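Hi everyone, thanks for coming. Today I'd like to walk you through one structure, starting with a charged residue and ending with a patch. Please have a look at it first.

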Amino acid sequence: MEYFAQEYDVIVIGAGHAGIEACLAAARLGCRTAVFTINMDWVGNMPCNPSIGGTSKGHLVREIDALGGEMGKAADKYSIQSRMLNLGKGPAVHSLRAQIDRRAYAGGMKHTLELQENLDLRQGEIVDIVRLDNGMFQLKTKLEAIFTAKCVIIATGTFLGGRVYIGDVSYESGPDGMFPATKLAESLKKLNIPLRRFKTGTPPRVNRRSIDFTNLEQQPGDEHTVAFSFETENPPENKVCCHITYTNDDTKQIILDNLHRSPMYSGKIEGKGPRYCPSFEDKIVRFSDKKRHQLFIEPCGLETEEMYLQGLSSSLPEDVQLAFIHTIPGLENAQVMRTAYAIEYDCVDPTALKATLEFNDIPNLFGAGQFNGSSGYEEAAAQGLVAGINAACNVLGKEPLVLDRGGSYIGTLIDDLVTKGCSDPYRMMTSRSEYRLVLRQDNADTRLTPIGYKIGLISRSRYDKFLYKENCIKKETERITNKSIPLSDTLQRILTDCGTSPLERGCKMIELLRRPQVTYDVLTPVDDDRPDLPREIFEQVEIAVKYEGYIQRQEQQIKEMRRLERKKIPDDIDYTKLRGLRLEAVEKLSKIRPENLGQAGRISGVNPADVAALNIILQTLKD
């Protein structure tokens, strides 16, 4: 029998990485919040790779932290190996990645939610959502408890309508053998939410003691580690070593001989899988000319012998998986503890959302994470944070938070989803940003911490530390601008050793640092008054000096982009009644309903002539 249980300001459905950030943000901003999870012990679970960060994803984690989110702090606390990727390339693509103790991380996140004021963590499956006449939402659990809320955030991950595939075997399931959320999907359809099917997958896990590490390539962590969170005082320690191995012709042949048994190729799986993270059998077919594929063997934690085989995602039958795993060097006798699987699930067409992640047609209902068509823990957490902030803003009557492409990767991620949509699970990459030299992972706090402080998620003490750091950067820039380095044998030797031309006379230190080959470190012998500052200060100053011209160019482009973003489009505009727009543009603009002229110009099918015509129309309406 149904009974009324409680009323909240904000209810979050799902306690994965999106749900965690969403409920914490809403609660910390003063809203009475509840987060519902199907299984209390699986809060913050990592059903796929036991890692956080990576190329461009590390940028997202640092941005989440700069705004006041939780993922970076937890990643630092439960890191077991840390590496900065792409150090051989420019600073725009340097990205931090940490191997994580997955069960410790999940337990720590659960405890964080339990301790948070204004937040109730509840085990329960939401099976029905109804929008009431007064604008509130009524939610019902499987146990027939009724809850009401002013705002609801859907962060269901891969649980919504989840179905697992392993060869010919398929069954309803969430990730890692959890119960799926089956009835909720039907309820969302009644709200006219446009759902579609996507697919993702995960590799097998094997027992460490059954691996022969003798001839495997070691992959240690960095000697000098870096934290994700700007608040972490002591960088994480490296506690484990990862290893690399490769597939071979025998592995490839087993896959090709059994392709007909893969549900991907037999037509059983209808959902679209991630383009940039294909299954192993898909890699064999798509890259048929490759003799071998690299695999990473990664620990899942300090208190388990499970090892994750990154790069070996598959939906082939269990017997086929065992056969091809045992052809791989080091894994000849591997004991498989968890079989790889593919999972198909329901998600929303993200073009139904605003840049705040609120639904266009359903006020106070938000989507976040894989429910919005993205993939990855980091993308999910970023969206969860924005959705949680904006739900709280709605409740409290404050201005919403909209992050643009010029200020963050989070803004790029959300703009891509709600403006361009996605035909397969969206994955963040540095190449998705046209301003990536400005949006570096090292300056995320400069870009976003003032916003986090204004919102209320950054404390005064943390903000004061941020201001001190910014002042240090300013003073150090002034110092090297004014400091003269006299000509000397030591200086000439430094320049020669660096492979750059010697000087004819002394010069300012900033001129030396503009040379690509010259760094702060090599100038130490001739920089006698260098202040005692954290390494990150010198790093940011050096990047700003070396890339000054390029950064200025991108900042000018951002300025022009924001000029177009300021030209708002009325919510109630009827594109079908506007002259000068092509039919395709009318159709796309009516569907996406862009909030400004800049967003309109990024919609596929809307060309520059349409934008120019729309600009004239908006000016006419304004007059």
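E63 has 0% relative accessibility, so this residue counts as buried; buried means under 20% relative accessible area, exposed means over 50%, and partly exposed is in between, using a 1.4 Å probe and protein chains only. Before I go on, a word on the model: it is predicted, so local features need pLDDT of at least 70 and side-chain atom pairs count only at pLDDT 80 or more, while totals for chains, interfaces and linings use all residues. Residues are numbered from 1 along each chain as its sequence is written, and side-chain values use heavy atoms, with hydrogens and water left out.

So which side chain does E63 meet in a salt bridge? The partner is R447, at 2.8 Å from N to O. By salt bridge I mean a side-chain nitrogen of Lys or Arg within 4 Å of a carboxyl oxygen of Asp or Glu. R447 is buried too, with a relative accessible area of 14%. E63 sits in helix α2 (residues 57-67) and R447 in helix α12 (residues 444-455), 384 residues apart. Helices here are DSSP runs of H or I with at least four residues, strands are runs of E with at least two, and both are numbered from the N terminus.

How many salt bridges are there by this rule? The count is 52. Another one joins R602 and E565 at 3.0 Å, N to O. R602 is in the loop between α19 (597-601) and α20 (608-622), and E565 is in helix α17 (residues 548-565), so this pair ties together parts 37 residues apart in sequence. Both residues also belong to a network of salt bridges with shared partners, together with R405, D415, D416, K420 and E434.

Now for the nonpolar side. A nonpolar core is a set of buried Ala, Val, Leu, Ile, Met, Phe, Trp, Tyr and Cys residues joined through side-chain atoms within 4.5 Å. The largest one has 108 residues, and I129 and I193 have the most contacts inside it. Helix α10 (residues 377-396) gives the largest share, 11 residues. A second, separate core has 23 residues, including I510 and V526.

Is Y265 buried or partly exposed? Y265 counts as partly exposed, because its relative accessibility is 36%. This residue is found in helix α7 (residues 263-266).
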